[in-house]
Amino acid sequence: MRITRVTIAAVCTAAAVAVAGCGSDTADEDHVHEGSDAHEVIEPLSPQQIGADDTAITAMGMILSWQPAIDESKTDALIRATPYLGGDLLAVAESGSRADVRPDADWQQWAAAKDAVTAVCAHSDTTPVAPAGMRTVVIDMICTQTVLHASGRSTRLTPQLWRTTITRTDDGWRLTDFRFQQ
């Protein structure tokens, strides 16, 4: 049997077509993507859909996360937390008043360096037990702030204990007070 160049070319072409067709038969949009570097903002849960603990965690995380190079004061963080606030805190956030807000000692340094401060909060074991069915509960939070330096480094600050007051409204739980404990 004699093999010609045409036969070899035909076999190679058929093999190439067959190999190209051996991939997945699903469209690209059917694939599950594990992650992204798109820097998309992850929206927190709606305050109407979460309980008292998650309201305290979300609100305090927002209140203690600052952008000193952009924010006029820490009140800007309180304003960002408005959907999770109630009572006097909501009134302060809605007024936009910055007169009574004491600046952090490092605020100017962070602003000049274009650093940001992010906070992560968690339920503390020191939280007093509330009887079932209460409309107002006290929840202690351990919050840890981390300074995100423009250089790419980060500095974790000392964890702090905050006592929060959360009140149930017709529209979900709301943070109505918070106090630094230690």
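Guide: A disulfide is a pair of cysteine sulfur atoms within 2.5 Å. This is a predicted model, in which local features need pLDDT of at least 70, side-chain atom pairs count only at pLDDT 80 or more, and totals for chains, interfaces and linings use all residues. Residues are numbered from 1 along each chain as its sequence is written, and side-chain values use heavy atoms, with hydrogens and water left out.

Visitor: What makes C121 and C143 a disulfide?

Guide: Their sulfur atoms are 2.2 Å apart, and the cut-off is 2.5 Å. The structure holds one disulfide; with 115 degrees about the S-S bond, the link of C121 and C143 is right-handed. Because C121 belongs to strand 1 and C143 to strand 2, the pair ties together parts 22 residues apart in sequence. Strands (E, at least two residues) and helices (H or I, at least four) are DSSP runs, numbered from the N terminus.

Visitor: Are C121 and C143 buried or exposed?

Guide: Both C121 and C143 are buried, that is, under 20% relative accessible area, where exposed is over 50% and partly exposed in between (1.4 Å probe, protein chains only).

Visitor: Which strand does strand 4 pair with?

Guide: Pairing requires at least two DSSP bridges; eight join strand 4 to strand 5, and the two run antiparallel.
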